[in-house]
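Here are a few exercises to work through with the model open in your viewer. Try each one before you read its solution.

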Amino acid sequence: MKVLVTGGAGYVGSCLLPMLLEAGHDVTMIDMFMFGCHPIMHIASHPQFTVINDDVRNEGVIKKHLKGKDLIIHLASIVGFPACARDESAAVSTNLGSTKLIVDNMEMGQHLFYASSGSSYGRVKEICTEEVPINPLTLYGRTKAESEAYIFNSKHGKNSIAFRFATAFGVSPRIRLDLLVNDFVYKALHDKIIVLFEGHFRRTFLHVKDCAYSYIHMIDRIDSCNGEIYNVGSNDMNYTKKEVALMIQKKVNYELYEAGVGKDLDERDYEVSYDKIIKTGFSNTIDFETGLNELIKVLTFMKLRMEFRNA
Ligand SMILES: NC(=O)c1ccc[n+]([C@@H]2O[C@H](COP(=O)([O-])OP(=O)(O)OC[C@H]3O[C@@H](n4cnc5c(N)ncnc54)[C@H](O)[C@@H]3O)[C@@H](O)[C@H]2O)c1
């Protein structure tokens with residue numbers, strides 16, 4: 001296939017690109033390298049890989065690079081509710097605006113895989129299946145939910161798949177330390193303390209390489225899975241925040257301090273069912289413990305330095 005990937009230099013994208021190339025696809029990537037271009041260095045010389053350093057909000061760029069593609073994998077985004085709250089206008093123009101540009105300029109027969117998020121569920125009491133009405137509480141969640149709606153109300157909806165990802169964790173060429181598990185492991189290793197609030201809140205996780213692999217899985221099933229939304233994760237990786245902290249404590253010696261105050265704006269306390277994607281044959285290839293071991297191995301040597309502190 002000829003595949004266009006937006007946001008390919010990110011945490012998920014930099015795991016996905018080599019998988020696509022290895023599967024024999026012809027890959028064009030558009031990214032404005034907000035976090036640098038080093039995450040794609042290891043594949044830069046691949047003859048079937050084209051790199052476009054540009055902004056997905058630019059209609060001319062989108063029009064030009066949609067031409068001749070069989071599949072568009074749209075990952076570029078301002079990711080997470082804190083980043084979206086920091087610059088709301090960039091969040092809306094990137095997350096929703098670029099999705100509209102892609103959908104409005106697609107040709108009939110092209111396929112779209114959209115990176116949505118479990119954040120679009122918001123506060124839900126029942127187990128989140130794809131049929132549960134969504135109620136996003138943050139701008140990030142709303143941009144994801146509105147993008148999904150725009151796609152599936154368009155004439156390209158029947159050729160599109162939305163991936164509602166669990167919170168990713170694990171090591172990628174572009175590591176992210178703002179994600180819950182990665183953040184906890186870093187704090188356990190370097191601060192030797194985790195201050196835990198809302199420890200009973202339930203969250204759901206998937207290794208970043210399995211997030212990427214879900215796209216490869218769906219390419220092979222594109223005709224039977226089209227027009228659908230899938231929760232992408234593992235039924236075995238729904239944990240409370242405290243359970244995550246305790247699993248880390250079995251491996252790293254640190255103090256777990258449970259605070260009575262503290263609150264996440266997205267109030268994510270939910271359990272997600274992954275039965276629908278499991279029925280397509282998907283299962284995670286990396287379990288939680290393996291992901292934790294890998295994080296400990298790498299983050300031990302990754303100490304963030306503050307410009308204004310000597311140590
Ligand atoms: N990582 C997770 O836990 C998770 C969970 C649910 C959903 N998702 C979704 O998966 C996708 C990828 O997430 P990620 O963790 O890899 O994020 P990331 O922040 O690591 O990567 C995003 C990439 O998009 C690029 N980008 C941002 N704005 C752009 C623009 N205007 N033009 C061109 N490039 C732009 C950035 O440079 C970056 O390389 C996102 O859509 C995100 O919402 C991720």
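Buried means under 20% relative accessible area, exposed means over 50%, and partly exposed is in between, using a 1.4 Å probe and protein chains only. You're looking at a predicted model, where local features need pLDDT of at least 70, side-chain atom pairs count only at pLDDT 80 or more, and totals for chains, interfaces and linings use all residues. Residues are numbered from 1 along each chain as its sequence is written, and side-chain values use heavy atoms, with hydrogens and water left out.

**Exercise 1.** Find E198 and decide: is E198 buried or exposed?

*Solution.* Start with the place: E198 sits in the loop between β8 and β9. Next, the backbone: phi is positive, about 50°, though E198 is not a glycine. Finally, the relative accessible area is 14%, so E198 is buried.

**Exercise 2.** Work out how helix α6 packs on helix α9.

*Solution.* First, locate the helices: α6 covers residues 180-190 and α9 covers residues 241-249. (Helices are DSSP runs of H or I, at least four residues, and strands are runs of E, at least two, numbered from the N terminus.) Their angle is about 40°, and the axes are 10 Å apart. That makes α6 oblique to α9; angles under 35 degrees count as roughly parallel, over 145 as roughly antiparallel, 65 to 115 as roughly perpendicular, and the rest as oblique.

Now list the contact (heavy atoms within 4.5 Å). From α6 come L180, V181, F184, V185 and A188, and from α9 come K241, V244, A245 and I248. By type, that's 8 nonpolar, no polar and 1 charged.

**Exercise 3.** Which residues of α9 are buried, and why do they lie on the same side of α9?

*Solution.* The buried ones are K241, V244, A245 and I248. They span an arc of only 100° around the axis, so they fall on the same side of α9. An α-helix has 3.6 residues a turn, so residues three or four places apart point the same way. The cover over the buried residues of α9 includes α6, β8, β9, β11, β12 and α11.

**Exercise 4.** Which residues does H217 touch beyond its neighbours within four places in sequence?

*Solution.* Go to helix α7, residues 208-219, where H217 is located. H217 is buried, at a relative accessible area of 2%. Leaving those neighbours aside, H217 is in contact with T280, G281 and F282.

Notes
Axes are lines fitted to C-alpha atoms, for helices over the stretch in contact, and angles run from 0 to 180 degrees between N-to-C directions. Ala, Val, Leu, Ile, Met, Phe, Trp, Tyr, Cys and Pro count as nonpolar, Asp, Glu, Lys and Arg as charged, and the others, Gly among them, as polar. The arc is that of the directions from the helix axis to the C-beta atoms.
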